[in-house]
Amino acid sequence: MIFLLIGIAVGVLPQVIGYILGPNRPDSAKNSPYECGFEAFGDARMKFDVRYYLIAILFILFDLETALLFPWAMTLKELGLFGFFIGLEIVTILTIGFVYMWIKGALDWE
């Protein structure tokens, strides 16, 4: 309970102190929307290509695969033959998914 209270205090107290002690002098430049150094144009709700999200999901997937392969390789002796085949199954499933995405053209960037 003490650690929980300390954690909340460390997260909340600096924000409260900054809000109370910080200067509050708004003007038109501070209240204007900022977008890359120039005035905003167009609609903020414009459609993005789905490939952005697909590439991000693929990156996370293969990043997690790599993160799982290191502990699996380090404990391979203790896991034995059964552990080897389980790891091989995971790598095979992910490889099939990668090949499928490649064939479907999800990795092609125009």
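Four aromatic pairs are counted in this predicted model, where rings of Phe, Tyr and Trp (its six-membered ring) pair if their centres lie within 6.5 Å, and planes under 30 degrees apart count as stacked, over 60 as edge-to-face and the rest as tilted. A pair of aromatic rings is described by the distance of the centres and the angle of the planes. One of the pairs is Phe84 with Phe85, at 5.5 Å centre to centre and 65 degrees between the planes, which makes the pair edge-to-face. Phe84 has a relative accessible area of 33% and is partly exposed; Phe85 is partly exposed at 46%. The terms are set as follows: buried means under 20% relative accessible area, exposed over 50%, and partly exposed in between, with a 1.4 Å probe and protein chains only.

Phe98 and Trp102 form another pair, with ring centres 5.6 Å apart and planes at 65 degrees, so this pair is edge-to-face. Both residues belong to helix α4 (residues 76–104), where they are four residues apart, about one turn of the helix. Phe98 is partly exposed, at 29% relative accessibility, whereas Trp102 is exposed, at 54%. Ring pairs also bring in Phe62, giving a cluster of Phe62, Phe98 and Trp102.

The residue numbers used here start from 1 along each chain as its sequence is written. Because the model is predicted, local features need pLDDT of at least 70 and side-chain atom pairs count only at pLDDT 80 or more, while totals for chains, interfaces and linings use all residues; side-chain values use heavy atoms, with hydrogens and water left out.

The fold as a whole consists of four helices and zero strands, in the order α-α-α-α along the sequence. Helices (H or I, at least four residues) and strands (E, at least two) are DSSP runs, numbered from the N terminus. Of the 110 residues in the protein, 6% are buried. The accessible surface is about 10200 Å², and carbon and sulfur atoms account for 72% of that area; the areas come from the Shrake-Rupley method with a 1.4 Å probe, and for residues only the protein chains shown count as cover.

Helix α3 (residues 50–74) contains Glu65. Glu65 is buried yet has no salt bridge, and the nearest side chain of opposite charge, Lys104, is 21 Å away. A salt bridge is a side-chain nitrogen of Lys or Arg within 4 Å of a carboxyl oxygen of Asp or Glu; for charge, Lys and Arg count as positive and Asp and Glu as negative, with His and the chain ends not counted. Leaving aside residues up to four places away in sequence, Glu65 touches Val91 and Leu94, contact meaning heavy atoms within 4.5 Å.

Arg51 is also found in helix α3. Arg51 is partly exposed, at 25% relative accessible area. Its C-alpha lies 6.9 Å from that of Ala106, although Arg51 and Ala106 are 55 residues apart in sequence.

Confidence is given by pLDDT, the predictor's confidence in each residue, from 0 to 100. The protein averages 84, and 88% of the residues score at least 70. Confidence is highest in helix α1 (residues 2–21), at a mean of 94, and lowest in helix α2 (residues 28–31), at 76.
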